[in-house]
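Dear colleague,

I am passing on the structure below, and after it you will find my notes on what was found. Please read them with the coordinates open beside you.

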Amino acid sequence: MLYALLGGFGVAALAPWLHQLFGRHSGWALALWPATLFIYFASMLSGVNDGPVLVSHDWIPSLGIQLSFMVDGLSLLFALLISGIGVFIVAYAGRYLEQHQDVGRFYAILLAFMASMLGLVLSDNLISLFVFWELTSITSYLLIGFNHEDAAARRSALQGLFVTVGGGLALMTGLIMLAMVGGSYELSTLLGQGDVIREHAWYAPMLALILLGAFTKSAQFPFHFWLPNAMAAPTPVSAYLHSATMVKAGIYLLARLNPALGGSQLWLTVLGSVGAITLFIGIWLALRSTGIKKVLAYSTVMALGTLTMLIGLGTDIALSAAMAFLLAHSLYKGALFMIAGIIDHGTGSKDLRDTGGLFRAMPVTAVTASVAALSLAGVLPMFGFVAKELLFESVLSSAASWITLLVVAGTAMTVAVAALIGILPWYGKTAVTKRTPHEAPPALLAGPIVLATLGLLFGLFAPLVDERLLGAAVSAVAGNSVTPNLALWHGINVALGLSALTLALGLCLYFCRDQFRHYTRFTDTLAKAGPERGYDASISWLVKISAWQTRFFQSGYLRYYLLIILLTFMALVWTVMLIHWPALSMGIDLRGIQLHEYALVFVLVAAALAAARSESRLGAVASLGAVGFTVALLYVMFSAPDLGITQVLVETLTVILLVLVLFRLPGFLRLTSTALRLRDAMVASAVGITMTCLLLFAADARLYDSISHWHVAQSMPGGYGRNIVNVILVDFRALDTLGEIFVLALAATGVLAMIRLRAEDKSK
Amino acid sequence: MNMPKQPDSLILRVTGHFLLPLLIMFSLFLLLRGHNEPGGGFIGGLVASAAIALHLFFTDVQSARRLIWLDPRDLLGWGLSIAIASGVIAMFSGLPFLSALWTELTVPMFGMLKIGTPLMFDIGVYLVVIGTVLNILLSLAEAEEA
């Protein structure tokens, strides 16, 4: 299992090299990997009916984070879709991007995405689920922005990333809360804790956070805007990530957590209404669009809304409808997207208005498209019909009437959209296209043909699909054993009547599409004021705020940096000290101090004052040196020879450095006003007083036993050294030292860069 | 305001040439004995840097650079790599990163010699300290000469 998942990243890393090896046939060669996975997952099908299969590996044992996987009906359904559609996508991409110079990179990201997506749906541990979740966002970002020379692609990629990763942050918090409430990071344990979780006081905030993550990922209103923009990606990506797999991750999460979180009134209301609104807005915008990929993208938004709504309803029949709809949608939408790519590839047009009569040039594609579109429209005997019947039955039995109304209207409009894709480009008057239309090669056609045919076969053999594939999935979502009862023919009932009604309405809408577009222009102005405006505004505010705070904090003046650091330091220290004020005490005991120690301190203070008051730079350096050497002497007297030696050496080198710099500095003039000097003096004194108080409090407080004794005792037997300071530095606390030498090296590099840059500036 | 031309002091030159190898040896001595007596990589590194700074005073930057035959920037890299490597060694034995490992060698004429990864780590510290100080020192001096 682990190899099946992590091996994907290995194949991804090797992909550019394999691409060079196989040349133009690399698509087929690389498709072998998802094909292998598909067979592997298919072999697990019979096993999951008896309950989930759990596999676990230690990942970060000290934090209780495991790389554990759970295979049950739901995750297996997703895994089969991901690997199965993946086969055709990889093969398709090999031909579709044949001319592109970066195909190797494309394969690498696509396969890495596939591995992440599989990891996401198979994870049992919440943390690993989240990591894979974010990996899909990142690979999606790279894929949307694949044509990175195109500014629009870059913008869309960034938008998708911000929206999904922003939601991801909320999701992470929600998942951690879930784990704290349920007492485990393992989904398999959490799913049985539904009652505890729903009763908990954190339920509402936790649900809000998790839903935010799921809604952004699955493009629910008001976050739907990123998905159509993501169509800037190459078509195989749109077909794979932005219809069949990644955008369904949110749906997966909702379905997965349904036994733990679902069933409450809040769940029903939020999911039901957000889903229904998304459904309607999605299909409305689809009908208003003319770009082939845009139409498909918006109809995907509609499908995602439908799924959210169905999971929200949560009845057995609604969940059956959700799983059937999910399967049907992945099949026909994958096929239709790939066909959109074929049209683009074969004719050079991306707009529905520029196409027509393509049937003569590309008959196979045309028939395939029509079959897939029939499934989208939900026409007998396609699998889409089975799903639509269940959809109607579930909203009729349990949804609010306004939701039912939206669903019926949305379905009718879906029929019109299906006609736009399945009829308009292929039949009727032949349009003049940029390229002479030609039939697509087998690598491009394989996917659509297989997926569209499956849509037909699954419809014809619905009970078999039910028994072998969907039964276990629906049971996993419901949390108890459910038999979905898929059937092509449910008898003559209200749902069938609605089907016929929507079909008729949809066809009418299709034939009046120009009038529809004309009379609904007003919604475009509404859409302009929509959520995407909000996104743009928040991004521009973010830029403004960060510019302001950079100007404020990164002034470029050493004195302001020092001022900010010191003031922050004081604020933090005093906050803590004031919180613990009653417990603090200063035990000042002057009895044991010897006369020569008083003398040293006197020298120290005098030298410090002299340094501050000095009128010449050399005098200031000398006085500072005196301070340093006196401190060194104090170290030696209090039996810290290592510190003493270090201090002396550092003082010496500092003087050498200062001598080198001295000549470069401007004259020692009075550059600041008295008020500024007074301010600096006050800050300096305050910091001094703070440090003194801190040290005196610290010396008197003993919250824990000192560890010095342990160090002394362990130095020889544990560290093989008599010099405790050194043993601590290189053995007991070696990690600290390692960090410090990294800081040293960084500082040296910084100084080097600064001096070099100035030297270059001067020489210019 | 230019730095005055190097004063050609006979005393400085003679004692400098004489002191340089001694100081370097002293720094190595401090480095090696650090585990038991005052000393260690940090102090040793500072002494070595001071020795080269002294050299810099009676010669010029080129000659100081030749003296260490490695660019101070490379010293940083080597030091960090050695320090990390000393920590990684323990991981091959299944111990956490930076665990100390010791072996005892019997060297003829010397007797028992204890060698361990902390010493290697200290050598890394030694190199980083020299690298840091010399990077700053030499580039400042170079900017002065230019």
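A polar contact here is a pair of N or O atoms within 3.5 Å; within protein, one of them must be able to donate a hydrogen and the other to accept it, and residues adjacent in sequence count only if both atoms are side-chain atoms. Please keep in mind throughout that this is a predicted model.

I begin with the interface. On the side of chain A that touches chain B, the elements giving two or more residues are α28 (641–662), α30 (708–719), α31 (724–732) and α32 (734–763) of chain A, and the largest share, 14 residues, comes from α32(A). In terms of contacts, 39 residues of chain A meet 47 residues of chain B. The size of an interface is often given as the accessible area lost when the parts come together; between chain A and chain B the buried area is about 4000 Å², and carbon and sulfur atoms give 76% of it.

Next, the nonpolar cores. The largest one has 201 residues, of which Leu178(A), Leu261(A), Met323(A), Leu327(A) and Phe383(A) touch the most other members, and helix α15 (residues 316–347) of chain A supplies the largest share of this core, with 20 residues. Apart from it lies another core, of 44 residues, which includes Ala745(A), Leu46(B), Val129(B) and Leu140(B). Returning to Phe383(A), and leaving aside its neighbours within four places in sequence, its contacts include Ala324(A), Leu327(A) and Ala328(A), as well as Phe458(A), Val465(A) and Leu486(A).

There is also a strand pair to look at: β1 (residues 53–60) of chain A and β2(A) pair in the antiparallel sense over seven bridges, and Ser56(A) has Ser68(A) in β2(A) as its bridge partner. Strand β2 (residues 65–71) of chain A is mostly covered, with six of its seven residues buried.

Finally, a single residue. Arg679(A) is found in helix α29 (residues 674–700) of chain A, and it counts as partly exposed because its relative accessibility is 30%, which falls between the cut-offs of 20% for buried and 50% for exposed. The side chain of Arg679(A) makes a polar contact of 3.1 Å with the side chain of Asp680(A), while the C-alpha atoms of Arg679(A) and Gly719(A), 40 residues apart along the chain, are separated by 49 Å.

With best regards

Key. Residues are numbered from 1 along each chain as its sequence is written. Chains are lettered from A and ligands numbered from 1 in the order in which they are written. This is a predicted model: local features need pLDDT of at least 70, side-chain atom pairs count only at pLDDT 80 or more; totals for chains, interfaces and linings use all residues. Side-chain values use heavy atoms; hydrogens and water are left out. Buried means under 20% relative accessible area, exposed over 50%, partly exposed in between (1.4 Å probe, protein chains only). Helices (H or I, at least four residues) and strands (E, at least two) are DSSP runs, numbered from the N terminus. Two strands pair if DSSP finds at least two bridges between them. A nonpolar core is a set of buried Ala, Val, Leu, Ile, Met, Phe, Trp, Tyr and Cys residues joined through side-chain atoms within 4.5 Å. Contact means heavy atoms within 4.5 Å. Buried area is the accessible area (1.4 Å probe) that two parts lose on being put together, summed over both.
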